[in-house]
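Let's walk through this structure together, one part at a time.

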Amino acid sequence: MKCKICGAELKKEGDICTNCYKAYKEEEELKKDVKEVFKIKRKYSIAFEIAKNAWVFVIFILSSLICLTAGGILEELLLILILGAVLGVILFIDKRLAMGTQAVFYEKKVVYTFKFLFINTTKTVKYSDLRDITPFQGFTQKRFDYADLCFYAKGTIPGVNLLNGFQIKNVENATEILEIIKEVIGLS
Ligand SMILES: [Zn+2]
C-alpha cells in the first residue's frame with residue numbers, strides 16, 4: 001500500500017501516511033481559525049505622496065523659470081496641466097495600491113491579500129512558519145512614521161528574499177504597529 005498523496009510506503013492499513021495526515025489536520029485547524037485579531041493596511045496619504053514625489057515639483061519650478069524667461073504664457077499653462085496630470089496618475093495608482101493591500105491577523109495565521117489591476121494574490125502564513133519581520137524606512141517614510149514591513153517565512157533569508165512571505169508598504173504608525181504584531185504572533 002502506498003500513500004495517496006505523497007506515495008510513501010504505508011506501514012499500517014489506510015489511504016494516507018501519518019505525515020500527510022498531520023499536514024491535513026493542521027490545514028483543517030487553520031481553516032477553523034477565522035477570528036480576526038488585527039489588521040494592517042497600506043496607508044494612502046496625499047501629503048506623503050507629495051512629499052515623496054517632491055522631484056516632480058522641482059522639475060516643474062525649474063521648467064517654469066525657463067518658460068517665464070522665454071515669456072510664453074501658453075507653455076506655462078501647458079506645464080501646469082502636465083504637472084496636474086502627473087500628480088493625478090501618481091495619486092491614483094497609490095490609492096489603488098492602498099485599497100488592494102492588507103494583512104489580516106488571526107489567532108494562528110496571517111492572510112495577506114494584494115489586488116491591483118489584474119493581479120490578485122492571497123498568501124496564508126502560519127505564525128509558526130514566520131521567522132522575522134523587518135521594517136524598512138526611507139527618508140520621507142521616517143518623517144511620517146511609515147514603514148515597509150517585510151514578513152519573512154522560515155526557509156527564506158531575511159533581507160534577501162520573500163519566498164512564502166510578503167511585504168506591506170507604507171504602514172502607518174510603524175513603530176507601534178510592529179510591537180503589536182510581534183505580540184500577536186508571539187515573536188519577540
Ligand atoms: Zn503521504
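We begin with the metal site and then turn to a set of strands.

This is a predicted model, in which local features need pLDDT of at least 70 and side-chain atom pairs count only at pLDDT 80 or more, while totals for chains, interfaces and linings use all residues. Residues are numbered from 1 along each chain as its sequence is written, and side-chain values use heavy atoms, with hydrogens and water left out.

Start at the zinc ion, whose protein donors are the SG atoms of Cys 3, Cys 6, Cys 17 and Cys 20, at 2.2 to 2.3 Å. Donors here are N, O and S atoms within 2.8 Å of the metal (3.2 Å for Na, K and Ca), and since water is not among the atoms, sites may look incomplete. Along the chain, the zinc donors follow the spacing C-x2-C-x10-C-x2-C. For reference, the ideal angle for four tetrahedral donors is 109.5 degrees.

Cys 3 counts as buried because its relative accessibility is 4%, whereas Cys 6, at 47%, is partly exposed. Buried means under 20% relative accessible area, exposed over 50%, and partly exposed in between (1.4 Å probe, protein chains only).

Now move to strand β6, residues 147-153, where seven of seven residues are buried. Strands are DSSP runs (E, at least two residues), numbered from the N terminus. Ala 147, Leu 149, Phe 151 and Ala 153 point one way from β6, and Asp 148, Cys 150 and Tyr 152 point the other way.

β6 has antiparallel pairings with β5 (residues 130-136) over six bridges and with β7 (residues 166-171) over four; strands pair if DSSP finds at least two bridges between them. Asp 132 stands opposite Tyr 152 of β6, and Leu 149 has Ile 168 in β7 as its bridge partner.
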